[in-house]
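Hello,

Here is the structure I promised to pass on to you. Please have a look at it before you read my notes below.

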Amino acid sequence: MEKPLLDEPNIIITDMKHFKITFTFALLLLFGFSNAQKIGVVDTNEILNKLPQYKEAEARLNSQIDTWESELQSLQSEYERKKAAFESEKVLLIGDQLKLREKEVVDLDKNIKTTTSLRFGANGEITKLRTNLVLPFQDQIWGAIKTMSEKNGLGIVLDKSNNISVIFLQSKYDYTEKVLSVLLKGTDKKEKTNSKSKK
């Protein structure tokens, strides 16, 4: 015969007390931590778009993209012209002439597809250039965010441009302009130093 578990209710009550104490302690810690941390929000895309050096670099990149698009359009026009000429003349062509003209059209089509993929594809030159365009400014922005957060006593800074959904934001918690002013002060100092060294 099994012994009745007389101590079981006491164990459950004791465990519940421990759980309540632990839960209350964790809640107080969390509440204290959240109160101690001041949170700010910035928009790095907005900051980038207001930096004069970034705008200049982006204009150069867009100019390069326009050149590549123009080259691709020229290749496409040449392909369409040669394909149309081949289609209309292929009944008159025989043997090697037919194969040579057909190969010319096929090679041109392959060239267009390869060029499109290499330059405009998901991992193409344009994507790489855009990434490289942002990189030099990221370090500057992160440095400015660090300076601004230390100055304003922020424990956490969120970037609302990086897929973080900010439903509502009071302007006093948006530190975008403060980061921008730190960055632009640094730029002004560099420009003054450069202009003095040129004299």
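This is a predicted model: local features need pLDDT of at least 70, side-chain atom pairs count only at pLDDT 80 or more; totals for chains, interfaces and linings use all residues.

Residues are numbered from 1 along each chain as its sequence is written, and side-chain values use heavy atoms, leaving out hydrogens and water.

Helix 5 covers residues 125-152; helices here are DSSP runs of H or I, at least four residues, numbered from the N terminus. A kink of about 35 degrees is centred on Phe137 (the angle between axes fitted to the seven residues ending there and the seven starting there). Just after helix 5, Gly153 has a positive phi of about 65 degrees.

Phe137 also belongs to the one aromatic pair in the structure (ring centres within 6.5 Å). Its partner is Tyr54, in an edge-to-face arrangement (planes over 60 degrees apart), with 5.5 Å centre to centre and 90 degrees between the planes. Tyr54 sits in helix 3 and Phe137 in helix 5, 83 residues apart. Tyr54 counts as buried because its relative accessibility is 7%, and Phe137 does too, at 8% (buried means under 20% relative accessible area, with a 1.4 Å probe and protein chains only).

Enjoy exploring!

Conventions. Helices (H or I, at least four residues) and strands (E, at least two) are DSSP runs, numbered from the N terminus. The expected span of a helix is 1.5 Å times one less than its number of residues. Rings of Phe, Tyr and Trp (its six-membered ring) pair if their centres lie within 6.5 Å; planes under 30 degrees apart count as stacked, over 60 as edge-to-face and the rest as tilted. Buried means under 20% relative accessible area, exposed over 50%, partly exposed in between (1.4 Å probe, protein chains only).
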